[in-house]
Amino acid sequence: MPIRCHNRVLLLMALIALAAAALPFVNFAPNRLVSGEGRAVWQVWAFSPALLLIVPGLLIVLALMRGRGAVVATLVVCELLFAGLVWSAGLAATHLASSESPLARTAVGSGLWLWLALCLLACSDAIRRLNLPPLWRWLLQAQIWILPLLLLFSGELNALSLMKEYANRQDVFNDAGQQHLTLLLGTFIPALLIGVPLGLLCYRRPASQGPVFAVLNIIQTIPSVALFGLLIAPLAGLTRAWPWLSSLGIAGTGLTPALIALVLYALLPLARGVLAGLSQVPAEVLESADAMGMNSRQRFWQIQLPLALPVLLRGLRVVAVQTVGMAVIAALIGAGGFGALVFQGLLSSALDLVLLGVIPTIVMAVVVDALFALWIALLRRRTDD
(Lines give C-alpha, C1' and ligand atoms only; values in the text may rest on other atoms or scores of the structure.)
Protein backbone atom coordinates (compact mmCIF):
# COMPACT_ATOMS: atom_id res chain seq x y z
CA MET A 1 0.00 0.00 0.00
CA PRO A 2 1.56 3.34 -1.03
CA ILE A 3 2.37 5.90 1.69
CA ARG A 4 0.16 8.99 1.46
CA CYS A 5 1.23 12.43 2.64
CA HIS A 6 -1.57 14.27 4.46
CA ASN A 7 0.34 17.53 4.97
CA ARG A 8 2.41 18.41 1.91
CA VAL A 9 3.16 21.88 3.28
CA LEU A 10 4.82 20.46 6.39
CA LEU A 11 6.71 17.89 4.32
CA LEU A 12 8.07 20.61 2.03
CA MET A 13 9.13 22.78 5.00
CA ALA A 14 10.88 19.80 6.64
CA LEU A 15 12.88 19.21 3.45
CA ILE A 16 13.75 22.92 3.22
CA ALA A 17 14.88 22.79 6.86
CA LEU A 18 17.26 19.96 6.00
CA ALA A 19 18.71 22.00 3.13
CA ALA A 20 19.04 25.07 5.38
CA ALA A 21 21.60 23.19 7.49
CA ALA A 22 24.18 24.16 4.87
CA LEU A 23 23.59 27.85 5.65
CA PRO A 24 25.33 29.67 8.54
CA PHE A 25 23.71 29.11 11.93
CA VAL A 26 25.37 32.23 13.38
CA ASN A 27 27.74 34.90 12.11
CA PHE A 28 30.73 35.40 14.40
CA ALA A 29 33.04 38.44 14.46
CA PRO A 30 35.91 39.08 16.91
CA ASN A 31 34.64 42.64 17.45
CA ARG A 32 32.21 45.21 16.10
CA LEU A 33 34.57 46.59 13.46
CA VAL A 34 35.51 43.32 11.77
CA SER A 35 33.13 41.65 9.34
CA GLY A 36 31.88 38.32 10.65
CA GLU A 37 32.20 34.82 9.29
CA GLY A 38 29.42 32.28 9.10
CA ARG A 39 29.51 29.19 11.28
CA ALA A 40 27.39 26.15 10.58
CA VAL A 41 25.35 24.57 13.32
CA TRP A 42 27.75 21.62 13.72
CA GLN A 43 30.62 24.08 14.22
CA VAL A 44 28.76 25.52 17.21
CA TRP A 45 27.19 22.40 18.70
CA ALA A 46 28.89 19.01 18.50
CA PHE A 47 25.60 17.11 18.94
CA SER A 48 23.76 19.06 16.23
CA PRO A 49 24.03 16.46 13.39
CA ALA A 50 21.79 14.10 15.36
CA LEU A 51 19.18 16.83 15.83
CA LEU A 52 19.37 17.69 12.13
CA LEU A 53 18.10 14.20 11.41
CA ILE A 54 15.73 13.69 14.35
CA VAL A 55 13.73 16.92 14.19
CA PRO A 56 13.05 17.02 10.42
CA GLY A 57 12.42 13.27 10.56
CA LEU A 58 9.77 13.83 13.23
CA LEU A 59 8.15 16.53 11.10
CA ILE A 60 8.13 14.22 8.07
CA VAL A 61 6.41 11.53 10.16
CA LEU A 62 3.80 14.06 11.32
CA ALA A 63 3.26 15.12 7.71
CA LEU A 64 2.42 11.51 6.83
CA MET A 65 -0.07 11.17 9.68
CA ARG A 66 -3.70 12.20 9.44
CA GLY A 67 -6.20 13.47 11.98
CA ARG A 68 -6.53 16.31 14.42
CA GLY A 69 -4.00 14.77 16.82
CA ALA A 70 -1.25 14.99 14.20
CA VAL A 71 -2.06 18.67 13.61
CA VAL A 72 -1.95 19.45 17.36
CA ALA A 73 1.34 17.55 17.68
CA THR A 74 2.75 19.54 14.76
CA LEU A 75 1.78 22.81 16.44
CA VAL A 76 3.38 21.79 19.77
CA VAL A 77 6.58 20.49 18.16
CA CYS A 78 7.07 23.53 15.93
CA GLU A 79 6.28 25.93 18.77
CA LEU A 80 8.83 24.27 21.07
CA LEU A 81 11.33 24.13 18.21
CA PHE A 82 10.87 27.87 17.59
CA ALA A 83 11.53 28.68 21.25
CA GLY A 84 14.46 26.23 21.30
CA LEU A 85 16.05 27.89 18.27
CA VAL A 86 15.73 31.33 19.88
CA TRP A 87 17.27 29.99 23.09
CA SER A 88 20.09 28.25 21.20
CA ALA A 89 20.99 31.52 19.46
CA GLY A 90 21.50 33.26 22.80
CA LEU A 91 23.35 30.25 24.21
CA ALA A 92 25.66 30.11 21.18
CA ALA A 93 26.44 33.82 21.53
CA THR A 94 27.25 33.38 25.24
CA HIS A 95 29.43 30.35 24.50
CA LEU A 96 31.40 32.08 21.74
CA ALA A 97 31.87 35.24 23.80
CA SER A 98 33.27 33.26 26.75
CA SER A 99 35.52 31.02 24.65
CA GLU A 100 36.72 33.55 22.07
CA SER A 101 36.59 37.12 23.40
CA PRO A 102 34.25 39.31 25.49
CA LEU A 103 34.26 41.77 22.57
CA ALA A 104 32.99 39.12 20.14
CA ARG A 105 29.82 39.81 18.21
CA THR A 106 27.52 36.88 17.39
CA ALA A 107 24.61 37.51 15.04
CA VAL A 108 21.81 35.25 13.87
CA GLY A 109 22.83 33.55 10.63
CA SER A 110 20.77 33.09 7.48
CA GLY A 111 20.17 29.42 8.25
CA LEU A 112 18.75 30.18 11.68
CA TRP A 113 16.58 32.96 10.26
CA LEU A 114 15.21 30.48 7.73
CA TRP A 115 14.53 27.85 10.41
CA LEU A 116 12.70 30.39 12.56
CA ALA A 117 10.57 31.47 9.60
CA LEU A 118 9.76 27.85 8.75
CA CYS A 119 8.68 27.17 12.34
CA LEU A 120 6.31 30.15 12.29
CA LEU A 121 4.89 29.09 8.93
CA ALA A 122 4.38 25.53 10.19
CA CYS A 123 2.62 26.81 13.33
CA SER A 124 0.39 29.10 11.28
CA ASP A 125 -0.48 26.27 8.88
CA ALA A 126 -1.31 23.94 11.80
CA ILE A 127 -3.57 26.55 13.42
CA ARG A 128 -5.38 27.03 10.12
CA ARG A 129 -5.91 23.27 9.74
CA LEU A 130 -7.54 23.07 13.19
CA ASN A 131 -10.55 25.04 11.83
CA LEU A 132 -11.09 26.96 15.06
CA PRO A 133 -13.14 30.14 15.55
CA PRO A 134 -11.25 33.39 14.79
CA LEU A 135 -10.77 34.28 18.47
CA TRP A 136 -9.16 30.92 19.27
CA ARG A 137 -6.92 31.20 16.22
CA TRP A 138 -5.77 34.59 17.46
CA LEU A 139 -5.03 33.23 20.94
CA LEU A 140 -3.05 30.30 19.52
CA GLN A 141 -1.02 32.63 17.32
CA ALA A 142 -0.31 34.91 20.27
CA GLN A 143 0.81 32.17 22.67
CA ILE A 144 3.60 31.14 20.28
CA TRP A 145 5.54 34.19 21.46
CA ILE A 146 5.27 33.54 25.19
CA LEU A 147 8.43 31.44 25.55
CA PRO A 148 10.59 33.63 23.23
CA LEU A 149 9.51 36.75 25.14
CA LEU A 150 10.36 35.10 28.45
CA LEU A 151 13.82 34.29 27.07
CA LEU A 152 14.24 37.88 25.89
CA PHE A 153 13.25 39.52 29.19
CA SER A 154 15.20 37.00 31.27
CA GLY A 155 18.46 38.11 29.64
CA GLU A 156 19.19 34.82 27.88
CA LEU A 157 19.67 36.65 24.58
CA ASN A 158 21.83 39.52 25.85
CA ALA A 159 25.00 38.11 24.31
CA LEU A 160 23.63 38.45 20.77
CA SER A 161 25.09 41.32 18.78
CA LEU A 162 21.64 42.83 18.22
CA MET A 163 21.03 43.04 21.98
CA LYS A 164 24.50 44.54 22.50
CA GLU A 165 23.64 47.17 19.88
CA TYR A 166 20.39 47.87 21.74
CA ALA A 167 22.25 48.22 25.06
CA ASN A 168 24.60 50.78 23.49
CA ARG A 169 21.76 52.79 21.94
CA GLN A 170 18.91 52.26 24.39
CA ASP A 171 18.04 55.95 24.73
CA VAL A 172 18.15 56.49 20.96
CA PHE A 173 16.01 53.39 20.45
CA ASN A 174 13.39 54.52 22.97
CA ASP A 175 13.19 57.97 21.37
CA ALA A 176 12.81 56.37 17.95
CA GLY A 177 9.99 54.17 19.25
CA GLN A 178 8.14 57.15 20.71
CA GLN A 179 8.54 59.08 17.46
CA HIS A 180 7.26 56.13 15.43
CA LEU A 181 4.18 55.87 17.64
CA THR A 182 3.68 59.64 17.24
CA LEU A 183 3.73 59.22 13.47
CA LEU A 184 1.21 56.38 13.71
CA LEU A 185 -1.25 58.17 16.01
CA GLY A 186 -0.69 61.53 14.31
CA THR A 187 -1.66 59.92 11.01
CA PHE A 188 -4.51 57.79 12.27
CA ILE A 189 -6.62 60.49 13.94
CA PRO A 190 -6.60 63.10 11.11
CA ALA A 191 -7.09 60.35 8.53
CA LEU A 192 -10.24 59.22 10.36
CA LEU A 193 -11.53 62.79 10.58
CA ILE A 194 -11.08 63.26 6.82
CA GLY A 195 -11.47 59.75 5.37
CA VAL A 196 -14.74 58.80 7.09
CA PRO A 197 -16.62 61.94 5.91
CA LEU A 198 -15.23 61.38 2.41
CA GLY A 199 -16.60 57.83 2.45
CA LEU A 200 -19.97 59.08 3.70
CA LEU A 201 -20.02 61.70 0.94
CA CYS A 202 -19.35 59.05 -1.71
CA TYR A 203 -22.08 56.82 -0.27
CA ARG A 204 -24.76 59.49 -0.06
CA ARG A 205 -23.82 61.18 -3.35
CA PRO A 206 -22.73 58.50 -5.82
CA ALA A 207 -21.90 61.16 -8.42
CA SER A 208 -19.00 62.32 -6.25
CA GLN A 209 -17.30 58.89 -6.26
CA GLY A 210 -15.58 59.43 -9.61
CA PRO A 211 -13.81 62.73 -8.79
CA VAL A 212 -12.99 61.79 -5.18
CA PHE A 213 -11.48 58.40 -5.96
CA ALA A 214 -9.68 59.78 -9.02
CA VAL A 215 -7.81 62.25 -6.81
CA LEU A 216 -7.11 59.66 -4.10
CA ASN A 217 -5.88 57.14 -6.69
CA ILE A 218 -3.48 59.72 -8.12
CA ILE A 219 -2.08 60.34 -4.63
CA GLN A 220 -1.55 56.59 -4.17
CA THR A 221 0.46 56.38 -7.39
CA ILE A 222 3.00 58.98 -6.22
CA PRO A 223 6.04 57.27 -4.66
CA SER A 224 6.37 58.04 -0.96
CA VAL A 225 9.83 59.58 -1.26
CA ALA A 226 8.60 61.84 -4.07
CA LEU A 227 5.56 62.95 -2.09
CA PHE A 228 7.71 63.74 0.95
CA GLY A 229 9.97 65.81 -1.30
CA LEU A 230 7.08 67.63 -2.98
CA LEU A 231 5.83 68.86 0.39
CA ILE A 232 9.16 70.35 1.49
CA ALA A 233 9.12 73.46 -0.73
CA PRO A 234 5.48 74.57 -0.06
CA LEU A 235 5.83 74.14 3.69
CA ALA A 236 9.17 75.95 3.73
CA GLY A 237 7.56 78.80 1.75
CA LEU A 238 4.70 79.00 4.23
CA THR A 239 7.05 79.28 7.19
CA ARG A 240 9.00 82.04 5.44
CA ALA A 241 5.81 83.96 4.65
CA TRP A 242 4.35 83.48 8.12
CA PRO A 243 7.18 82.94 10.64
CA TRP A 244 4.71 82.32 13.45
CA LEU A 245 4.00 78.91 11.91
CA SER A 246 7.46 77.78 13.02
CA SER A 247 6.42 78.26 16.65
CA LEU A 248 3.67 75.65 16.03
CA GLY A 249 6.25 73.13 14.87
CA ILE A 250 5.49 73.49 11.16
CA ALA A 251 8.56 73.25 8.93
CA GLY A 252 9.61 72.11 5.49
CA THR A 253 11.25 69.01 6.91
CA GLY A 254 10.56 66.84 9.93
CA LEU A 255 7.24 65.78 11.35
CA THR A 256 4.89 68.09 9.41
CA PRO A 257 5.47 66.91 5.81
CA ALA A 258 5.67 63.31 7.03
CA LEU A 259 2.26 63.49 8.72
CA ILE A 260 0.65 65.25 5.74
CA ALA A 261 1.96 62.62 3.32
CA LEU A 262 0.97 59.69 5.54
CA VAL A 263 -2.54 61.11 6.02
CA LEU A 264 -2.93 61.54 2.25
CA TYR A 265 -1.89 57.91 1.68
CA ALA A 266 -4.39 56.72 4.31
CA LEU A 267 -7.44 58.41 2.75
CA LEU A 268 -8.05 55.96 -0.11
CA PRO A 269 -8.33 52.72 1.93
CA LEU A 270 -10.38 54.54 4.58
CA ALA A 271 -12.85 56.09 2.14
CA ARG A 272 -13.18 52.80 0.23
CA GLY A 273 -13.73 50.92 3.50
CA VAL A 274 -16.51 53.27 4.59
CA LEU A 275 -18.18 53.12 1.17
CA ALA A 276 -17.92 49.32 0.95
CA GLY A 277 -19.16 48.84 4.51
CA LEU A 278 -22.21 51.05 4.09
CA SER A 279 -22.99 49.65 0.63
CA GLN A 280 -23.15 46.07 1.88
CA VAL A 281 -25.92 46.82 4.39
CA PRO A 282 -29.01 45.02 2.98
CA ALA A 283 -31.73 47.28 1.65
CA GLU A 284 -34.34 45.18 3.46
CA VAL A 285 -32.78 46.11 6.80
CA LEU A 286 -32.92 49.80 5.95
CA GLU A 287 -36.54 49.48 4.87
CA SER A 288 -37.36 47.77 8.17
CA ALA A 289 -35.69 50.63 10.05
CA ASP A 290 -37.77 53.15 8.12
CA ALA A 291 -40.91 51.15 8.89
CA MET A 292 -40.03 51.30 12.60
CA GLY A 293 -40.00 55.09 12.41
CA MET A 294 -36.26 55.66 12.71
CA ASN A 295 -34.90 58.94 11.41
CA SER A 296 -31.72 59.10 9.31
CA ARG A 297 -29.46 59.67 12.32
CA GLN A 298 -30.91 56.76 14.30
CA ARG A 299 -30.72 54.52 11.24
CA PHE A 300 -27.05 55.37 10.73
CA TRP A 301 -25.89 54.91 14.34
CA GLN A 302 -28.06 51.92 15.26
CA ILE A 303 -28.25 50.00 11.98
CA GLN A 304 -25.77 51.05 9.28
CA LEU A 305 -22.66 51.68 11.38
CA PRO A 306 -22.79 48.42 13.41
CA LEU A 307 -23.33 46.36 10.23
CA ALA A 308 -20.61 48.26 8.32
CA LEU A 309 -18.10 48.20 11.18
CA PRO A 310 -16.34 44.90 10.27
CA VAL A 311 -15.59 46.15 6.74
CA LEU A 312 -14.54 49.56 8.09
CA LEU A 313 -12.17 47.91 10.56
CA ARG A 314 -10.51 46.01 7.72
CA GLY A 315 -9.81 49.34 6.05
CA LEU A 316 -8.43 50.75 9.30
CA ARG A 317 -6.27 47.66 9.63
CA VAL A 318 -4.73 48.29 6.22
CA VAL A 319 -4.13 51.95 7.06
CA ALA A 320 -2.45 51.18 10.38
CA VAL A 321 -0.06 48.56 8.98
CA GLN A 322 0.68 50.72 5.93
CA THR A 323 1.47 53.71 8.13
CA VAL A 324 3.86 51.75 10.35
CA GLY A 325 5.83 50.66 7.29
CA MET A 326 5.81 53.98 5.44
CA ALA A 327 6.87 55.89 8.55
CA VAL A 328 10.31 54.31 8.06
CA ILE A 329 10.72 56.24 4.79
CA ALA A 330 9.75 59.47 6.57
CA ALA A 331 13.12 59.40 8.34
CA LEU A 332 14.66 60.63 5.06
CA ILE A 333 13.13 64.07 5.69
CA GLY A 334 14.01 64.17 9.38
CA ALA A 335 10.80 62.74 10.85
CA GLY A 336 12.72 60.29 13.04
CA GLY A 337 11.30 56.96 14.11
CA PHE A 338 12.86 53.57 13.54
CA GLY A 339 13.72 54.63 10.00
CA ALA A 340 16.47 56.86 11.41
CA LEU A 341 18.21 53.77 12.80
CA VAL A 342 17.73 51.91 9.52
CA PHE A 343 19.27 54.61 7.33
CA GLN A 344 22.04 55.32 9.83
CA GLY A 345 22.92 51.64 9.77
CA LEU A 346 22.86 51.55 5.96
CA LEU A 347 25.17 54.55 5.73
CA SER A 348 27.65 53.01 8.18
CA SER A 349 27.24 49.44 6.81
CA ALA A 350 26.21 48.28 10.30
CA LEU A 351 23.81 45.38 9.86
CA ASP A 352 22.96 45.20 13.57
CA LEU A 353 21.92 48.85 13.54
CA VAL A 354 19.74 48.24 10.48
CA LEU A 355 18.08 45.29 12.22
CA LEU A 356 17.61 47.41 15.36
CA GLY A 357 15.29 49.58 13.27
CA VAL A 358 13.78 46.94 11.00
CA ILE A 359 12.80 44.32 13.60
CA PRO A 360 10.84 46.72 15.89
CA THR A 361 9.06 48.08 12.82
CA ILE A 362 8.00 44.56 11.82
CA VAL A 363 6.99 43.79 15.41
CA MET A 364 4.92 46.98 15.63
CA ALA A 365 3.18 46.21 12.34
CA VAL A 366 2.44 42.63 13.43
CA VAL A 367 1.13 43.78 16.83
CA VAL A 368 -1.10 46.44 15.28
CA ASP A 369 -2.42 43.93 12.75
CA ALA A 370 -3.02 41.36 15.51
CA LEU A 371 -4.93 43.88 17.65
CA PHE A 372 -7.21 44.73 14.75
CA ALA A 373 -7.67 41.01 14.05
CA LEU A 374 -8.65 40.51 17.70
CA TRP A 375 -11.09 43.42 17.52
CA ILE A 376 -12.69 42.00 14.39
CA ALA A 377 -12.85 38.51 15.95
CA LEU A 378 -14.54 39.84 19.10
CA LEU A 379 -16.96 41.87 17.02
CA ARG A 380 -17.81 38.83 14.89
CA ARG A 381 -18.30 36.71 18.00
CA ARG A 382 -20.65 39.26 19.53
CA THR A 383 -22.59 39.47 16.25
CA ASP A 384 -22.93 35.68 16.07
CA ASP A 385 -24.12 35.52 19.68
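1. Start in the sheet: Phe-28 has Glu-37 as its bridge partner in strand 2. Strands here are DSSP runs of E with at least two residues, helices are runs of H or I with at least four residues, and both are numbered from the N terminus. Two strands count as paired if DSSP finds at least two bridges between them.

2. A note on the source: this is a predicted model, in which local features need pLDDT of at least 70 and side-chain atom pairs count only at pLDDT 80 or more, while totals for chains, interfaces and linings use all residues. Residues are numbered from 1 along each chain as its sequence is written, and side-chain values use heavy atoms, with hydrogens and water left out.

3. Strand 1 (residues 26–29) and strand 2 (residues 37–39) run antiparallel and are joined by three bridges. On its other pairing, strand 1 is joined to strand 3 (residues 105–108) by four bridges, again antiparallel. Val-26 takes part in both: Arg-39 stands opposite Val-26 in strand 2, and Val-108 is the bridge partner of Val-26 in strand 3. As background, strands of a sheet pair through backbone hydrogen bonds, either parallel or antiparallel.

4. What is the order of the three strands in the open sheet? The order is 2-1-3, with antiparallel pairing. Strand 2 and strand 3 are the edge strands, since each pairs on one side only. From one strand to the next, the twist averages 30°; the axes are lines fitted to C-alpha atoms, for helices over the stretch in contact, and angles run from 0 to 180 degrees between N-to-C directions.

5. The structure holds seven salt bridges. The term means a side-chain nitrogen of Lys or Arg within 4 Å of a carboxyl oxygen of Asp or Glu. One of them joins the side chains of Asp-352 and Arg-105, at 3.8 Å from N to O. Asp-352 belongs to helix 16 (residues 351–384) and Arg-105 to strand 3, so this pair ties together parts that are 247 residues apart in sequence.

6. The cut-offs are under 20% relative accessible area for buried, over 50% for exposed, and in between for partly exposed (1.4 Å probe, protein chains only).

7. Asp-125 meets two arginine side chains. Its salt bridge with Arg-128 has an N to O distance of 2.9 Å, and its salt bridge with Arg-129 has one of 2.7 Å. Arg-128 and Asp-125 are separated by about one helical turn because they are three residues apart in helix 5. Arg-129 and Asp-125 also lie in helix 5, four residues apart, about one turn of the helix. Asp-125 is buried at 9% relative accessibility, Arg-128 is exposed at 52%, and Arg-129 is partly exposed at 28%. Elsewhere, salt bridges that share partners join Arg-105, Glu-165, Arg-169 and Asp-352 into one network.

8. Where is Asn-131 found? Asn-131 is in the loop between helix 5 (110–129) and helix 6 (134–143). Its phi is near 55°, a positive value in a residue other than glycine. For context, most residues other than glycine have a negative phi. Asn-131 counts as exposed, at 66% relative accessibility.
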